[in-house]
Amino acid sequence: MANTELSPDAIKPHPLGVCKLCGAITYRKESLNQPCGRSSRGHRCSGSFSTASRDAGWKSCTSCSGTGKQGIVPCIYCQGIGWNLAKPWSL
Ligand SMILES: [Zn+2]
Ligand SMILES: [Zn+2]
């Protein structure tokens with residue numbers, strides 16, 4: 001994942017896709033509808049990225065005001081994404 005350390009307090013764009021299985025997010029259009037493949041503890045995720053490119057599908061995280069950070073640590077409510085899915089069940 002790209003790291004935007006240059007402007008830590010900037011409001012981030014929302015992700016474009018979400019893996020329904022493990023919750024991984026992607027900002028890459030090319031990844032949509034592709035296998036997630038995220039590895040965690042030796043297991044590869046068998047899910048794929050669902051399209052979540054609409055602005056209406058996301059709401060800015062109120063805990064961190066969309067910055068993804070609370071002070072110097074990633075926001076725990078949005079996992080540092082700065083956004084939460086408005087309707088995770090509708091993906
Ligand atoms: Zn996944
Ligand atoms: Zn947050």
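Start your tour by selecting Ile72, which is exposed because it has 6 other C-beta atoms within 10 Å. Ile72 sits in the loop between β7 (69-70) and β8 (73-74). Strands (E, at least two residues) and helices (H or I, at least four) are DSSP runs, numbered from the N terminus.

Before moving on, a word about what is on your screen. This is a predicted model, in which local features need pLDDT of at least 70, side-chain atom pairs count only at pLDDT 80 or more, and totals for chains, interfaces and linings use all residues. Residues are numbered from 1 along each chain as its sequence is written, while chains are lettered from A and ligands numbered from 1 in the order in which they are written.

**Zoom out: the whole chain**

Colour the chain by pLDDT, the predictor's confidence in each residue, from 0 to 100. The average is 89, and 90% of the residues score at least 70. Which strand has the highest confidence, and which the lowest? Strand β2 (residues 25-26) is highest at 96, and strand β3 (residues 39-40) is lowest, at a mean of 88.

Next, switch to a cartoon view. You will find nine strands and zero helices. The radius of gyration, taken over C-alpha atoms, is compared here with the globule rule, 2.2 Å times the number of residues to the power 0.38. The chain has a radius of gyration of 13 Å, close to the 12 Å that the rule gives for 91 residues, so it is as compact as a globular protein of that length. Its C-alpha atoms fill a box of roughly 35 × 30 × 20 Å along the principal axes. Of the 91 residues, 25% count as buried.

**Stop: the three-stranded sheet**

Select β1, β2 and β5 together. They make an open sheet in the order β2-β1-β5, with antiparallel pairing. Two strands pair if DSSP finds at least two bridges between them. At the edges are β2 and β5 (49-51), each pairing on one side only. Strand β1 (residues 17-19) pairs with β2 over two bridges in the antiparallel sense. Click on Gly17, and you will see Thr26 of β2 standing opposite.

**Stop: Ala24**

Now step to Ala24, in the loop between β1 and β2. Is Ala24 buried or exposed? Ala24 is buried, because 20 other C-beta atoms lie within 10 Å. Two residues are in contact if their C-beta atoms, placed from the backbone, lie within 7 Å. Leaving out residues up to four places away in sequence, Ala24 touches Cys19, Cys36, Arg38 and Cys45.

**Stop: two loops with positive phi**

Select Asn33, in the loop between β2 and β3. Its phi is near 65°, a positive value in a residue other than glycine. Asn33 counts as exposed because it has 10 C-beta neighbours inside 10 Å.

Then select Arg41, in the loop between β3 and β4 (43-44). Arg41 also has a positive phi, of about 50°, although it is not a glycine. With 4 other C-beta atoms within 10 Å, Arg41 is exposed.

**Stop: the core**

A nonpolar core is a set of buried Ala, Val, Leu, Ile, Met, Phe, Trp, Tyr and Cys residues joined through C-beta atoms within 7 Å. In soluble globular proteins, nonpolar side chains tend to be buried together. Here the largest nonpolar core has 14 residues, of which Val18, Cys19, Cys61, Cys78 and Trp83 touch the most other members. Select Cys61: beyond its neighbours within four places in sequence, its contacts include Cys75, Cys78 and Trp83.

**Last stop: Cys75 and Gln70**

Cys75 counts as buried, because it has 20 C-beta neighbours inside 10 Å. Among the residues that Cys75 touches, not counting those up to four places away, are Ser63, Cys64 and Gln70.

Finish on Gln70, in strand β7. With 16 other C-beta atoms within 10 Å, Gln70 is partly exposed. The C-alpha atoms of Gln70 and Gly80, ten residues apart along the chain, are separated by 8.8 Å.

Note on methods:
Buried ≥ 20, exposed ≤ 12 C-beta atoms within 10 Å, placed from the backbone.
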